[in-house]
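Subject: Structure handover

Hi,

Here is the structure I promised to pass on. My notes on what turned up follow below it.

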Number of protein chains: 4
Amino acid sequence: MKPVNQIKIKKQMSVNGLVKQMGSAGVLGAGRLGKAVNICEAMIKDKQCKVFLGLAGSLVPGGMRKIIIDLIENKWVDVVVTTGATLTHDLGEALGYRHYQGSADANDAELHRKGLDRVYESYMPNKIYEGMEGFIAKNFNNFKDKKSINGLLWEIGRLTPSKSILKSCFESKIPIFCPALSDSGIGLMFWGQIAKGRAIKTNAFEDMKEIIDIAWTAKRTGVIYFGGGVPKNYIQQAMQFSKKADYGVQVTMDRAEPGGSSGAELKEGISWGKMNPDARFVDLICDSNIALPIIFAALKERIK
Amino acid sequence: MKPVNQIKIKKQMSVNGLVKQMGSAGVLGAGRLGKAVNICEAMIKDKQCKVFLGLAGSLVPGGMRKIIIDLIENKWVDVVVTTGATLTHDLGEALGYRHYQGSADANDAELHRKGLDRVYESYMPNKIYEGMEGFIAKNFNNFKDKKSINGLLWEIGRLTPSKSILKSCFESKIPIFCPALSDSGIGLMFWGQIAKGRAIKTNAFEDMKEIIDIAWTAKRTGVIYFGGGVPKNYIQQAMQFSKKADYGVQVTMDRAEPGGSSGAELKEGISWGKMNPDARFVDLICDSNIALPIIFAALKERIK
Amino acid sequence: MKPVNQIKIKKQMSVNGLVKQMGSAGVLGAGRLGKAVNICEAMIKDKQCKVFLGLAGSLVPGGMRKIIIDLIENKWVDVVVTTGATLTHDLGEALGYRHYQGSADANDAELHRKGLDRVYESYMPNKIYEGMEGFIAKNFNNFKDKKSINGLLWEIGRLTPSKSILKSCFESKIPIFCPALSDSGIGLMFWGQIAKGRAIKTNAFEDMKEIIDIAWTAKRTGVIYFGGGVPKNYIQQAMQFSKKADYGVQVTMDRAEPGGSSGAELKEGISWGKMNPDARFVDLICDSNIALPIIFAALKERIK
Amino acid sequence: MKPVNQIKIKKQMSVNGLVKQMGSAGVLGAGRLGKAVNICEAMIKDKQCKVFLGLAGSLVPGGMRKIIIDLIENKWVDVVVTTGATLTHDLGEALGYRHYQGSADANDAELHRKGLDRVYESYMPNKIYEGMEGFIAKNFNNFKDKKSINGLLWEIGRLTPSKSILKSCFESKIPIFCPALSDSGIGLMFWGQIAKGRAIKTNAFEDMKEIIDIAWTAKRTGVIYFGGGVPKNYIQQAMQFSKKADYGVQVTMDRAEPGGSSGAELKEGISWGKMNPDARFVDLICDSNIALPIIFAALKERIK
């Protein structure tokens, strides 16, 4: 049995220095954060391992956009699965809009009059929809023949006028999946065009082949989840029907007891054949908007 | 100001009698449960109101299937949006499989060897996938021309050999939406057929028109969410782009502070134009597998 | 393996009828609620078992006061441990004050000007402190020689002008412990008298003998926790140093992962010798203000 | 309105550099962590401000002991309030015991046989109680006349053979309060001596004067809470009956909705007169075992 090391903080510590100290505790929040970074490092450095990143929750309104772009441009991940909301926030910023610092105690009726959509204590300007509508309408011919959602998203990324999560996926040739794209502002903009009589060929099941193929042909796989929802579940099912994950890091604030997929502990995946019984994995109970910058900063110190 | 009424429990109280007593507290958990039932009752009894039900989480493995079927057969709701997982569990039971009482402390590697997929402390037999594969393969010709996911789901419901959530939606002509159907066992079975060279026409954006139309043409709308995820968000976006909800009940264990859609308080929807500023709504912080039977039993006493 | 029973709700179901149906699911929220009632029933009906009730959180402002009084008057519990806050709310109501229905979105500065102390969405009138001060000052001679906190609380209960948790404990001769009484409005009122030069003999360690003796001399013990904090921990330590609990029901919204006592799963107590390895126990993840009325109403149908 | 700054991580960033970047987001988890550090820095640097630190939860088994000792030795806080459990863990380590890295999935009955008490995934050797018993028995004459719990704790600190939270409080003359000391291993050891016929004079209400006096005579006050429970509430009540806090930082995983004190948002304190309406304060929803090392490391870079 190893004793819990009592953490010793030094002046001017680097983030990685702190994370190592935290990891020395070995247990509970600090220890798990340390393990999360170790496991991320291991799967990224494992050249035979394909890394699947699931992103849910309020990451762009929380200030995580450049970190995600960095992760992709560094090619530390091989597949991204995310929500339509995240891509809508990302496209909005790519089109020149910003999110704003607000308050969770704001008067929502007043915000509505001002055209501000509240995301807890962050505000998104409602005008973002106009910008997106124009962008989608103008480029619709580029989109209409895309059979897969990934194909559609890469094309959006290619066409966005500035750096974005979508553009970095396109440029780095990282597949990006979003099974419920219709459940988002971007989805609504496509619906708007369809309602005007335009047609699009995107098939609801087309992307499945690709994500499962990537897992299937990989020597080893690793999963990193910030938040749950469809992104986590879609990656988990790719593991189940191809190659069990050998590495796993999950960061979530959802609870396991109600039984939903978002809060499920990674070890549950062993029963499903989603996770290798001798995989290295850890569940970190933490807000992604706290854990992601710390994990990424520590990794940046460790990896090349 | 109204005083908090101290609840008085009587012998042989009916569920509705208890819920009324709980509602008399007016505040906190008991008071909010009371309000949730009152608001559900009001929206169901409001003949001009279209009720949108969002279902996420582990409801069928938790024993909620017949309650959901009852809700639909009673036509207390006009639209159902749910996850592929819920429909997979539902179809599995319709094909003769059961979920089993297990333990959250089980050895997952052992469960895997036994072919049991763990959902916290409920087990799903992995053989369910064989049954579903056979069902989807056999009936594929009925599915292949369905352009919308709702159309596909109704057809599955029509063909299932026994009562199910899907069948009750089909028979009661209640639209059922599942934007991320590809993220589920059912989705996988379709992918399996596609991988064998069969084709299916389901379009990723096709359903949006219908859900928005229903909201748009309604005189009033109400939303009931058990759990968050895509079901909640998809209904919320339908409200945003058509008719703000006049009634709202949300039952969730997710937190608001990380900023994700699942945990967002209903009042946040006012800023987006999803919720009417003078709507009647309540957030009930409770496990759906606890709240749903209580709410439904109380409603059953109140409504015809 | 037992299948998960899908719950069937009937019209005009009694609460116990519903709880039995919920218990039939066997797992997750509904199943655990069913188990919680079964285990409470078993320990209350076991004549050789001393039942220890721990109460924390916002129960009186949430409308639970009469339920708690009923529990005590029925002698379903043998020992009560609670917080000073709960007793302050209870004494306040006994002195004629009420709690009020409020809003979690209220302007707190305005409430302060109005003399309303907010407890999430319940308000306590600040004048309660004047009433308590008068009560404690007037009766101080009755209190000053009480060596134990239990002795002090029974005397307060004896003197309160109307039915209360404190009075019912005194009248039913149910020991009531509150280790951190100084951390409460009642504590402050004693401090006020001491600050005026009066003295009180209450010893910080005096009650320990009694609670441990009760557990020690019992044939069997059972624990019921609504909320965590000192009440739970103080009972757990009495179990550890006397007789391991044979029955356990915990209702909490706190999480286990941060490692605090409030959120710790009951099974953890087995390692400490607080819980018998073959005890019947269940952790119910639920707000006490929701679970307590349901559990109590079901028990009322089952017992006597 | 200020835009949400998208965080940019640089190589070899110091912890404070990262925290500043996180603070630049302005909102949600990262933004709140940034604010928490800013507010801690402001209250520590404000020479007219007395800082009250509340510590609950599993901090010593989580590896936070040296950080807490550093905080005290730096005299960044003026008052410490904590739980008996934290002091028991601290005294145990001071007497030469260690906590051990374990697993939340361990077999608790087996741990019991091995004499290991589980704290989620950390283990405390049960032998710790023998060491403490010897220590308390041997030094009982030094303790028996201590009227206040603070006096008792300082004396324990003075006598402990090595550096500890208790010793650093004694040596730095930082008052340390623990209203529910009887609810702990240390309390049990005193009870053990009392059970053998020895007497101790510690009065249950004695400490109240001192903590309220410190707040009363301060020009300004600030509160820092890691976890809730009695430590938070006891400081909050000192604020209520003396000087409203001008600064506040709360780190917790407890929820506000059930209405308990532990999860209550700091703004609620404004209604009670515990918090100044124009105080600078923030609620950080995070595990203390994650947030404390980060906050402390950032402060160490900023202060002196």
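Which residues meet where helix 14 of chain A runs into helix 2 of chain D? On the side of chain A they are A:Asn289, A:Ile290 and A:Pro293, and they meet D:Leu28, D:Gly29, D:Ala30 and D:Leu33 of chain D.

Before the rest, a word on conventions. This is a predicted model, in which local features need pLDDT of at least 70 and side-chain atom pairs count only at pLDDT 80 or more, while totals for chains, interfaces and linings use all residues. Residues are numbered from 1 along each chain as its sequence is written, with chains lettered from A and ligands numbered from 1 in the order in which they are written. Helices (H or I, at least four residues) and strands (E, at least two) are DSSP runs, numbered from the N terminus. Contact means C-beta atoms, placed from the backbone, within 7 Å.

**The helix pair between A and D**

The axes of these two helices (lines fitted to C-alpha atoms over the stretch in contact, with angles from 0 to 180 degrees between N-to-C directions) come within 6 Å and cross at roughly 80°. Helix 14 of chain A and helix 2 of chain D are therefore roughly perpendicular, a label for angles of 65 to 115 degrees. Their contact divides into five nonpolar residues, two polar and no charged; Ala, Val, Leu, Ile, Met, Phe, Trp, Tyr, Cys and Pro count as nonpolar, Asp, Glu, Lys and Arg as charged, and the others, Gly among them, as polar.

**The wider contact**

Chain D and chain A each give 53 residues to their contact. Helix 14 of chain D supplies the largest share of chain D's side, eight residues. That side comprises 26 nonpolar, 16 polar and 11 charged residues.

**Chain B**

Helix 3 (residues 65-73) of chain B is mostly covered, with seven of its nine residues buried (20 or more other C-beta atoms within 10 Å of the residue's own, all placed from the backbone). Among the buried ones are B:Arg65, B:Lys66 and B:Ile69. The buried residues pack against several elements of chain B, including strand 1, helix 4 and helix 14. Just after this helix, B:Lys75 takes a positive phi of about 55°.

Chain B also has an open antiparallel sheet of three strands in the order 3-5-4, where pairing requires at least two DSSP bridges. Strands 3 and 4 of chain B are its edges. Strand 4 pairs with strand 5 over four bridges, and B:Val119 stands opposite B:Ser122.

Best wishes

Technical notes:
Two residues are in contact if their C-beta atoms, placed from the backbone, lie within 7 Å. Angles under 35 degrees count as roughly parallel, over 145 as roughly antiparallel, 65 to 115 as roughly perpendicular and the rest as oblique. A residue is buried if 20 or more other C-beta atoms lie within 10 Å of its own, exposed if 12 or fewer, and partly exposed in between; C-beta atoms are placed from the backbone.
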